[in-house]
Amino acid sequence: MFGLAHVLIKDESQRFGLPAFNILGAAANAHGVRLVACTDGNWGRAVARIAKYLGVPAKIFVPCNIDASTQRNIQSEGADVPVVQGDYDDSIRAVMQEAEKSGALLVMDTSWPGYEEIPGWVVEGYTTMISETDSQTLPLTANKPATHAIAPVGVGSWAQSVTAHCKSKAAGDGHGAVIAVEPTTAASLKTSLEAGAITPIRTGDTIMCGMNCGTVSTLAWPTLRDGVDASIVVDDAECHAAAPLGLGPQSVVVLFCTEGARPYDVPA
């Protein structure tokens, strides 16, 4: 139908009983203390679930435009969920203040100058999914590695993990193409690529709330800047936008389904 050799989807809608892959990163950072984080989607629920496993309290800050069902899902893990009157970047500032004031362990999947160790561990945790993808792909493609990977971008940590792998010899010839995808309302990577430097933006509402982030992680930026082959945006009414990216009969395309279905208002 598409004129491609293979199109494979890595389904992460049931990882450890959660509808997203993020727990792979959160699990790498849990310690026997109080945990604090902020989230625009599944990261906060993953941190809250790890806290519940360990029997420690968690406080997860969320921006005011996050949907009610996502808030309830985080609360269902036993976490306290304060709502910040602002966007995701505002919630980052709020959780930084909370961690400094309370002494709780700040567990974030994004980085900024002076806070990079834990986000680095998050990216390492995500390599579990990359390794699984390779081991599941090669038997289906007669040992041909993926030639194209389509990765969603929020703060960029997951896309960083995908890009670093696709550009390494571990993924074949190290020339796998990476297509980064963002909402039109939160195209922070695309904006930064066009500017040549990390460029924070103000975000708007989107049903892609887990990707509604206004600033690219400082750790992710060099890898994404140098390794992403195409950056595209989609709006809430679109499923996907096709583009001429060198796809052909020998292409092995891997798409990452990083979360399961959730309620949202259907766009007009």
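The structure is a predicted model, in which local features need pLDDT of at least 70 and side-chain atom pairs count only at pLDDT 80 or more, whereas totals for chains, interfaces and linings use all residues. Residues are numbered from 1 along each chain as its sequence is written, and side-chain values use heavy atoms, with hydrogens and water left out.

**View: overall content of the chain.** The protein chain contains eight helices and nine strands; helices (H or I, at least four residues) and strands (E, at least two) are DSSP runs, numbered from the N terminus. Of its 268 residues, 53% count as buried, where buried means under 20% relative accessible area, exposed over 50% and partly exposed in between (1.4 Å probe, protein chains only). Among contacts with a separation of 6 or more, 68% come from residues 24 or more positions apart; contact means heavy atoms within 4.5 Å.

**View: the packing of α7 against α8.** Angles under 35 degrees count as roughly parallel, over 145 as roughly antiparallel, 65 to 115 as roughly perpendicular and the rest as oblique. The crossing of α7 past α8 is right-handed; a crossing is right-handed if the near helix is turned clockwise from the far one by less than a right angle, and left-handed if anticlockwise. L189, S192 and L193 of α7 make the contact with W221, L224 and R225 of α8. By residue class, this contact has four nonpolar, one polar and one charged. Ala, Val, Leu, Ile, Met, Phe, Trp, Tyr, Cys and Pro count as nonpolar, Asp, Glu, Lys and Arg as charged, and the others, Gly among them, as polar.

**View: the packing of α6 against α8.** Helix α6 (residues 157-166) packs on helix α8 (residues 220-227) at an angle of about 50 degrees, with the axes 9 Å apart. The two helices are therefore oblique to each other, and α6 passes α8 in a left-handed crossing. On the α6 side the contact involves S157, A159, Q160, T163 and A164, and on the α8 side A220, T223, L224 and G227. These residues divide into four nonpolar, five polar and no charged.

**View: the packing of α5 against α6.** The axes of α5 and α6 come within 9 Å and cross at roughly 50 degrees, which makes α5 oblique to α6. The crossing of α5 past α6 is right-handed. From α5 the contact draws on V123, Y126, T127, M129, I130 and D134, and from α6 on S157, W158, Q160, S161, V162 and H165. Six of the contact residues are nonpolar, five polar and one charged.

**View: the aromatic pairs.** Two aromatic pairs are found in a search of the whole structure. Rings of Phe, Tyr and Trp (its six-membered ring) pair if their centres lie within 6.5 Å; planes under 30 degrees apart count as stacked, over 60 as edge-to-face and the rest as tilted. W112 and Y115 are stacked, at 4.6 Å centre to centre with 20 degrees between the planes. W112 counts as buried at 16% relative accessibility, and Y115 likewise at 12%. Y126 and W158 form an edge-to-face pair, at 5.9 Å centre to centre with 80 degrees between the planes. Y126 lies in helix α5 (residues 117-137) and W158 in helix α6, so this pair ties together parts that are 32 residues apart in sequence. Y126 and W158 are both buried.

**View: the surroundings of W112.** W112 is placed in the loop between β5 (105-106) and α5. Leaving aside neighbours within four places in sequence, W112 contacts I92, M96, L106 and T218. W112 and T215 are 9.6 Å apart in space, C-alpha to C-alpha, and 103 residues apart in sequence.

View: Most residues other than glycine have a negative phi. A142, in the loop between α5 and β6 (148-152), has a positive phi near 55 degrees. N143 lies in the loop between α5 and β6 and has a positive phi of about 65 degrees, although N143 is not a glycine. A142 is exposed, with a relative accessible area of 71%, and N143 counts as exposed at 60% relative accessibility.

Terms used: Axes fitted to C-alpha atoms, helices over the stretch in contact; angles between N-to-C directions.
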